[in-house]
Amino acid sequence: MNFREYKIGSRFFALALGGSMTITLFMPSLDIGSVSATDIAMDKQLWAGHESGFSLEDPLLLGWHKPYKVLLKADPKTGQPMEPTYAYVYEKGTPFPGGILHPDNLGAAAKKLSIEKGHILEANKNVGAVFMVKSDGQKQYYIENASATMGWTPEGVLKTAGDENIAHAAAGKSLFVREGCWWCHTLLPEQTQDWQVFGAPPMLGDFNGESPTAFGSDRKAPDILHVASRNASKEWMMLHFFNPRLVQPHSIMPRFDYLWGPVDANGKKIDFAKWRAEYNEYRDGKRITPPEVPMYASNSEIRNLIDFVMNLK
Amino acid sequence: MLKYLMARNEDIPPGSSAVYWGFSSIVWFVIGTGLGAFNAAKLAFPDFVTGLEFLSFGHMRQVHVMAVIFGWISMAFGMAMMYITPALGNTKLWSEKLGIWNAFLWNVGLSLGLTVLWWGMNSGREYSDFPWFIDLYILCFMCIPLGINVWMTIIHRKTQGIYTTNWFFAAGTFMISIVLIVGNLPEYFHLTGLTEAYLTWWNAHNILGLWITPVAAAIAYYTIPKVTGNPLYSHRIGHLHFWSVVVFYSTPAAHHLMSAPLPEWLKSFASVEGVLILVPAIAFVSNILMTMQGKWNMFVENLEIRFTVTGCLMAIPLNMQGGFQQTRAINWYIHGTGWIVAHAHLALLGFSTFLEAAAVYLGLQTIMKRKLWSLTLGNIHFWFLLIGFTTYWVSMTIAGLIQGAGKIYEVPYIDVVIAEHPYMIARWLGGSLVFTGNCFWLFNMWMTARAGTVIPQGRMPHELAYER
């Protein structure tokens, strides 16, 4: 390498690539790092949990160690009815999201309130915790650790709410990543022209603490960031997931019947071969009605996925 | 080939590792395009192979992408580096043994990575879909050893200067390592939110811009002068190409997220830099086409030249699209549509694949000292690739324009799906043609190794007549 040109060349190379990385990495990091979390970001990171893609807590993306989003209609300590409110339940061993682990992510004002009024630093993964999104009355949102402020336990909240009010949305988001839903359904209404059909595009602070963001780039299907605002029917979702052609004959979405697992809600074995044979007869005009779609079990994967979709408001 | 894993470096015949890399790349090409055609069939006929989780579209789409990027394209690069780098330094490869281990570890790591990806273990980040332990493996056992071999060979060269191709090889292997470290920071350190989104596309953009595009071009800088016998038209335009790649191609990452809430200055900056990608593009294409002066008959007569020049010609529409489709004026219309899918295939299956295929054809014949077994099969491969790709590109571009129109006129999405159906069938047919062509290629190369005419010492493959 003892050739003068290459000494000059390698210094220029360092300058060029270093300059490029200064502008494209360092400078944006100052801007992006100073973004404060909105209430949407707080809600999202609390229901989705620490990580929805591959992680050591959930290596096969089966929905292990995920929080629950719970609709509470009664106080879990006293049993007294209360204004319906959402709580995010982290059972023992469930990793906390970015905003709890690194409150800087929330932005200065939310960090201060979350620590002083919300006591989030007292949350302990080995015990579990219940969180809520609160506002100080002037639209400054913060996270409250209800286990510290009100003594709510994860078990108590889950028991009080009952299964129908517990959304497995976090486990569902893992399925969204594992099953590659995001290869067709984006989570990013575009700023320029998607408002009318797919709803408002997300704002700057709506993503703090979310991982992965999974915007999607190759849209072959409707954007679903606000899908539950357009269609809130669980029954429609169930039919559509089992075989999209039941409700939309021209759909090219794959069937996700395998997410039902072996048995239905009554513990009865699902006969997929029979269902498909009968469906083929229906498609070919030999039957008037399609076969009945089995009701899914409450611990099936499709329940998680439907909970996730119904949570996209 | 595996017997050399335990041999002493001196006992391994020069070029062995290049042959290993070359055949591996062709096998991955067959696998990758086969998966692509299978996936395309599912988009055309959604009930084609249904009810099995592991054959569902969402599990296989990223396996196709990773198999062609890291299996076909990157292993063809490895092949080219293993034989072009020493040839241009008038020396031997620094370590054949490292080259063979590198190819072996590449195949093992990629098989493992694609298996876990297929299983559903992924990071949810496009173009860095692998979970972080596979990312680390790719960096440490695939890219860095390749870089070490290339750099050490260049350092131990017996020529004074370094030829254009080797600048790109050295810079490319260095830059891909940096890109894989920085681009995967969100997975290593659990960075979240917009940082994760932006770094995902910083990584994706730079894998294309600092690895695939420059290294593919570098191969053409070798193939065209070597086979035609013409010297490179301009060393100085080569300089312009090299430096403008480093400066302009490393900066527009944010133009992939033009409709996301990133800082506006970053999007504007990226968009301007994106147009400036035309500088290296025009420098490259003009340099290669001018080098062809007086030898245009070889565009018809010689398979390697035909592949390379076709690839260079495809760089023209590729960069015209690439330069302008990311500006705000156009991006709002085509963002997220099939247009982009067509553009991505123009880059990887059009431009870059044609250059790499030429390098693998030329390299395997040169090192094995065997003339290509069948020109007919070579021609079939070329035309199947070209017609298949063109069918794909035209149909997806039209589908993308339909989708864009549907988007801005707020047509119910299902009507877009219905309108796209014929183009999805065309896409599947095009992909199947590419896959079939590659099967012929694998067979042809296998027969070349076994039964190709021996090339006498001191002769180039193209100096011998084709026999079949």
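**Reading a two-chain model**

Analyst: We begin with the contact between the chains, bearing in mind that this is a predicted model. In it, 64 residues of chain A are in contact with 57 residues of chain B. Helix 1 (4–33), helix 7 (169–178), helix 8 (195–198) and helix 11 (272–283) of chain A each supply at least two residues of the side of chain A that touches chain B.

User: Which helix of chain A gives the most to the side that touches chain B?

Analyst: Helix 1 of chain A does, with ten residues.

User: What confidence does the predictor attach to the complex?

Analyst: The predictor gives the complex an ipTM of 0.95 and a pTM of 0.96. Confidence can also be read residue by residue, as pLDDT on a scale from 0 to 100. Chain B averages a pLDDT of 96, and 100% of its residues score at least 70. Among the elements of chain B, the lowest mean pLDDT, 94, belongs to helix 13 (residues 328–334), and the highest, 98, to helix 10 (residues 278–291).

User: How many helices and strands does chain A have?

Analyst: Chain A has twelve helices and five strands. Its C-alpha atoms fill a box of roughly 80 × 60 × 40 Å along the principal axes. Of the 313 residues of chain A, 47% count as buried. Contacts can also be sorted by separation in the sequence: among those in chain A between residues at least 6 apart, 70% join residues at least 24 apart.

User: How many residues of helix 7 of chain A are buried?

Analyst: The idea is to count neighbours: a residue is buried if 20 or more other C-beta atoms lie within 10 Å of its own, and exposed if 12 or fewer do. Helix 7 of chain A is mostly covered, with ten of its ten residues buried. Among them are Lys173(A) and Arg178(A), as well as Leu175(A), Phe176(A) and Val177(A). The buried residues of this helix pack against helix 2 (39–48), strand 1 (68–74), strand 5 (166–167) and helix 12 (301–310) of chain A. Just after helix 7, Gly180(A) takes a positive phi of about 70 degrees.

User: Is Ala108(A) buried or exposed?

Analyst: Ala108(A), which lies in helix 4 (residues 108–116) of chain A, is exposed because 11 other C-beta atoms lie within 10 Å. Its C-alpha atom is separated by 29 Å from that of His226(A), 118 residues apart along the chain.

User: At what angle do helix 10 and helix 12 of chain A cross?

Analyst: To describe a pair of helices, one looks at the distance between the axes, the angle and the handedness. The axes of helix 10 (residues 234–242) and helix 12 of chain A come within 11 Å and cross at roughly 130 degrees. This angle makes helix 10 of chain A oblique to helix 12 of chain A, and the crossing is right-handed. Lys234(A), Met237(A), Met238(A) and Phe241(A) in helix 10 meet residues of helix 12 that include Ile302(A), Leu305(A) and Val309(A).

User: How do helix 12 and helix 14 of chain B cross?

Analyst: The axes of helix 12 (residues 303–325) and helix 14 (residues 338–368) of chain B come within 8 Å and cross at roughly 155 degrees. Helix 12 of chain B is therefore roughly antiparallel to helix 14 of chain B, and passes helix 14 in a left-handed crossing. The residues of this contact divide into 15 nonpolar, eight polar and one charged.

Technical notes. Residues are numbered from 1 along each chain as its sequence is written. Chains are lettered from A and ligands numbered from 1 in the order in which they are written. This is a predicted model: local features need pLDDT of at least 70, side-chain atom pairs count only at pLDDT 80 or more; totals for chains, interfaces and linings use all residues. Two residues are in contact if their C-beta atoms, placed from the backbone, lie within 7 Å. Helices (H or I, at least four residues) and strands (E, at least two) are DSSP runs, numbered from the N terminus. Axes are lines fitted to C-alpha atoms, for helices over the stretch in contact, and angles run from 0 to 180 degrees between N-to-C directions. Angles under 35 degrees count as roughly parallel, over 145 as roughly antiparallel, 65 to 115 as roughly perpendicular and the rest as oblique. A crossing is left-handed if the near helix is turned anticlockwise from the far one by less than a right angle, and right-handed if clockwise. pLDDT is the predictor's confidence in each residue, from 0 to 100. Ala, Val, Leu, Ile, Met, Phe, Trp, Tyr, Cys and Pro count as nonpolar, Asp, Glu, Lys and Arg as charged, and the others, Gly among them, as polar.
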